[in-house]
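This report describes selected strands and helices of one protein model. Please look over the sequence and the structure before reading on.

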Amino acid sequence: MASDHDDLHVTPPATVAGGLGATRSIASYCMDHLGPVRSLRTLSHLNQARGFDCPGCAWPDPADRGFIELCENGARAVADEATHFRADPAFWAAHAVDDLAAWSDRDLNRAGRITHPMLLRPGATHYAPVSWEEAFAVVGEHLRALPSPDAAVFYTSGRTSNEAAFLYQLFVRRFGTNNLPDCSNMCHESSGTGLTEVIGVGKGTVTLDDVENAEVIVVIGQNPGTNHPRMLTALQAAKRAGAHIVAVNPLREAALVRFQHPKKVQGYLGHGTDIADLYLQVRINGDVALLQGVAKALVARHDRGEPALDLPFLEAHTTGLDALLDQLRATSWDTLVAASGVDRPHLEATADLLARHERIVICWAMGVTQHVNGVANVQSIVNLLLLRGAFGKPGAGACPVRGHSNVQGDRTMGIWEKVPDTFLDALQARFGFDPPRAHGVDTVDAIRAMRDGRAQVFVAMGGNFLSATPDTDVTAAALRRCALTVHVSTKPNRSHLVHGQTALILPCLGRTEQHVTEAGAQFVTVENSMGVVHASRGNLPPCSPHLRSEPAIVAGLARATLGDEDPVDWEAVADDLDLVRDHIAAVVPGFEDFNARVRVPGGFLLPNPVRDALRFDVPGGKARLTVHPLPEHDPDTLLMMTVRAHDQYNTTVYTPNDRYRGIHGDRRVVLANADDLDRLGLVAGQVVTLRSHHAGQVREAPDFVVVPYDIPQGCVATYFPEANVLVPLDHTAVGSQTPASKSVAVTLHGGATEPVRDAAS
Ligand SMILES: Nc1nc2c(c(=O)[nH]1)N[C@H]1C(S)=C(S)[C@@H](COP(=O)(O)OP(=O)(O)OC[C@H]3O[C@@H](n4cnc5c(=O)[nH]c(N)nc54)[C@H](O)[C@@H]3O)O[C@H]1N2
Ligand SMILES: Nc1nc2c(c(=O)[nH]1)N[C@H]1C(S)=C(S)[C@@H](COP(=O)(O)OP(=O)(O)OC[C@H]3O[C@@H](n4cnc5c(=O)[nH]c(N)nc54)[C@H](O)[C@@H]3O)O[C@H]1N2
Ligand SMILES: [Mo]
C-alpha cells in the first residue's frame, strides 16, 4: 500500500487546548456538513434538558448548562450525523463494493447518511435497495436455518439507547443465545472486571460534584482534551477551587498542560488555566510500577510515623493490607523507577499530595485498560484510593471515564455476554421464557468463532466491527466466512465492505433526529459515565423517510425470526417506548418508576452501593487490596500504543489532522523517541515498516513515516485503526480479554529515506 506522504506537516505540539482553535474547528466542520441554519438549530439542542444527548462521549452534563453546552469534538460528532451528504441508492449504484474498499475511511464517512435499506446478494458487486420486509425476511431465514442459536453473533456499539439495547438483548435471548459482544469488551472491560473483583461494583463511584469538589485529581491514561473535552470544564472548576491535578501519561497532552475555555471570553483572551501541577511522563505500561511507587512512598511516610494511610478506614473496610505492605516494602525504588520511567522525586511529590488531602479522585481511560495487565492497572488504582480511604465520601472515588455516550447504559440493559443470573431470572419472571444460561462470546471470542466456522451470522447494532477490532486481516477473513453479515448503521464504513456471502445495511435514525410513531413523539434514554439516566430527544427531521428507529429495526428482526406468535408484542413496544421502559422498570434494579422519574429534567442517579453506603458487595463485605507483579517487556522491541488523533471519532476519521500533537495531513505516522531513532539509525521523515511480535508470530504494516516526538524511550505511538493489523487477536488483558492495543511489541524497519520536513517548513 505505497502512498506518498507529501501532505504530512509537523509543527511543535500545542501547549494549551481549547480557545479559538477549537471554535474555528467547530465552525469549519459544521459549515461543511450542515450549513449555517441547520448548524444553529442542531447545536442549540445539544445536551439541553429538553434536547438530545451528545453522541460524542459519556461525560455528564453540568446542572447549569449554557445556551450551547458542547465541545469541539461533540459538535463534530453531531455535525457528522446531521450532515447534508447522502449515501443514497444512486451512490451505492455508482460504486462497486470492491471500489469503495479502496476509499479512505474519511471519504467513506463523508459519503453521508445511508437513506435506504441495502442488500448485497451472493456474488453481487453492488449493494441494491431492498424493502424493509424483505430485509427482515433475509435475516429471519438465515437465523432460523442455523444449527444452533449460538452460531449467530449480535454485536453492539455504545451509541444505542437504553430502549433499543433492552429490546435487542431481549430478542437475542428469546432467539436463544447470550452471544452479545459489545464495544465495551475493547474499552472499559478491564475497569468493569477489575472494579467488580475488588470493590463489588463495575462502575465508577463518583458524581460530577465529586470531581468538582476534589482536592486532588489524578488523570491517568486519558486524553480528555480530545476525547472528553467537556471534562476540562470540570477540571478547570476544580482547579480554580484549589484542587491539585496530577497527569500520568507518556505524552505531554496539551489539555492536561493548560486549557482555555472556548465559550468564555476570558478563555479567548487570557492565557487559560494551568491544569497539571505534576506531570508524570510514564513509560507505556509503566503504570503498575508508578502506582506502586506512589503507594510505597505513602507506606514509607507511615513507617516514619507520619499520617499517610487511613488506618481506621483500612481496618473497617478492607482485606489484604499486610500482604500489600510487605510487597511494597520489599520492592526496591530502583526497580519501580526503572519500570515506570518516572524519577523518585515525582513519585514522592505525588504521594505528598495524596497524604495531605482527603478528597481524592482518580480518573482513567484507555491508557489503563488496553494492556495485558489492564485489570492489574485498575486494581492498582483502587489500592491507592483504599490506602487513602477515598471511597464513600464526597469529593473522592474511582472515575473510569467511559467512551461511547451510552456504553455504560447498554451494559445496564443487559448487553453483556456474561450477564449475571439475577438479570436472567428477572427476564424470565417478566416474559415467561427460559433465557439461555451459558455465557456467550465476547468480541475476541466472536472473531474466533467466525474464523473457525462456528458462527455464520453476524449482526451489528451500530459500530464498525472490522476496523475497531484487533488483527484486521484475521477479522476480515472471519467476517468473509459468514453466510450473512448485517449492520444497523447511520454512515458507510469499512465493515459494510468486508462482508459475508449475503450482506445487509439497515439505516437507522440518529440521536439528532425526531422519532415520531403512531403512538406520538418518542424520546429515548441514556446513562452517562456517572450513572445518571436521562432523556434524549432529537429535533431534526429524519434525513430520509425510509429510516427506522433502532427499536423498530429490532422489532422487525424479532418478528421475522421468532414469528408472530411470540409472547412479546414487538410491534407495540417499538411504537411506544414507554412500554419498553415499563419492562425495564420491572427487570433492571434501580429503574423503578422509570417513566415518571426520567421525565424530570436532568433525569435520575442510579444507586451505587460504594458511593451511597460504603458497601462493598464482594465476599466478606470488605474491599480487597491486591498485589500485582510488575509487567515485563522484551527489551529488543519497542512498546507501541495505538491512540486516537484529535480529528477522529473511533473509526470515523474527520480530517487527517491531530492538531494538539502538531501532526497535520497524514495519519500513517509513528511517533518515536529521538534517542531510540539515533540508536536504530532512523531519521525524521523516513518511511518504515512496522512489525509486531507475539508468540513467535510476526505481523507487518508498511509505509509509516517516522516523527521524532517527546515520548519516553522504548515507546512509540501510532493511530488506530490504521495500526490494528499489528494487534494480535490473542494479545489480550488477563481477566477481561480486552485487546492489549496499547502494549504491542514492535520493531521499526527502514526503507527508502525521505527528506526531513521540519516544523518551520
Ligand atoms: N473526539 C473523540 N472523542 C471520543 C472518542 C474519539 O475517538 N474521538 N472515542 C470515545 C471512546 S469509545 C473512548 S473509549 C474514549 C477514549 O478516550 P482516551 O482513553 O483518552 O483515548 P485514547 O486516544 O485511546 O487515549 C489514551 C491516552 O492514554 C495514553 N496512554 C497510552 N498508553 C498509556 C499507558 O501505558 N499509560 C498511561 N498512563 N497512559 C497511556 C495516551 O498517551 C493517550 O493520552 O473517548 C471517547 N470520546
Ligand atoms: N487499536 C485500537 N483499537 C481500538 C481502540 C484503541 O484505542 N486502539 N479503541 C477501542 C474502543 S475504546 C472502542 S469503544 C471501539 C469502538 O468500536 P465501534 O463502536 O464498533 O466503532 P465506531 O467507530 O464508534 O463505530 C462507528 C460507526 O457507528 C455507526 N453509527 C454511528 N451512530 C450510530 C447510531 O446512532 N446508531 C447506529 N446503529 N449506528 C451508528 C456509523 O455507521 C459509524 O460508521 O474500538 C476499539 N478499538
Ligand atoms: Mo471506547
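How many of the six residues of strand S25 (residues 638–643) are buried? The model is a predicted one. Six of the six residues of S25 are buried, so the strand is largely enclosed by the rest of the structure. Both of its faces are covered: Leu638, Met640 and Thr642 are buried on one side, and Leu639, Met641 and Val643 are buried on the other.

S25 pairs with strand S33 (residues 744–750) in the antiparallel sense and with strand S32 (residues 715–719) in parallel.

| Strand pair | Bridges | Sense |
|---|---|---|
| S25 and S33 | three bridges | antiparallel |
| S25 and S32 | five bridges | parallel |
| S8 and S9 | five bridges | parallel |

Individual bridge partners can be named for each pair. Met640 is partnered by Val744 in S33, and Leu639 by Cys715 in S32. Val218 has Val246 in S9 as its bridge partner.

The open sheet consists of five strands with parallel pairing, in the order S12-S9-S8-S14-S15. Strand S12 (278–280) and strand S15 (397–400) are at the edges with a single partner strand each, so one side of each has no neighbour in the sheet. From one strand to the next, the twist averages 15°.

Two helices lie across strands of this sheet. Helix H19 (residues 344–356) lies across S8, S9, S12 and strand S14 (360–364), and runs at about 135° to S12. Helix H21 (residues 374–387) lies across S8, S14 and S15, at about 170° to S14.

Conventions:
Residues numbered from 1 in each chain as written. Chains lettered and ligands numbered in written order. Predicted model: local features only at pLDDT ≥ 70, side-chain atom pairs only at ≥ 80, totals over all residues. Heavy atoms only, no water. Pairing = 2+ DSSP bridges. Helix = DSSP H or I, 4+ residues; strand = E, 2+ residues; numbered from the N terminus. Axes fitted to C-alpha atoms, helices over the stretch in contact; angles between N-to-C directions. Contact = heavy atoms within 4.5 Å. Buried < 20%, exposed > 50% of the residue type's maximum accessible area, 1.4 Å probe, protein only.
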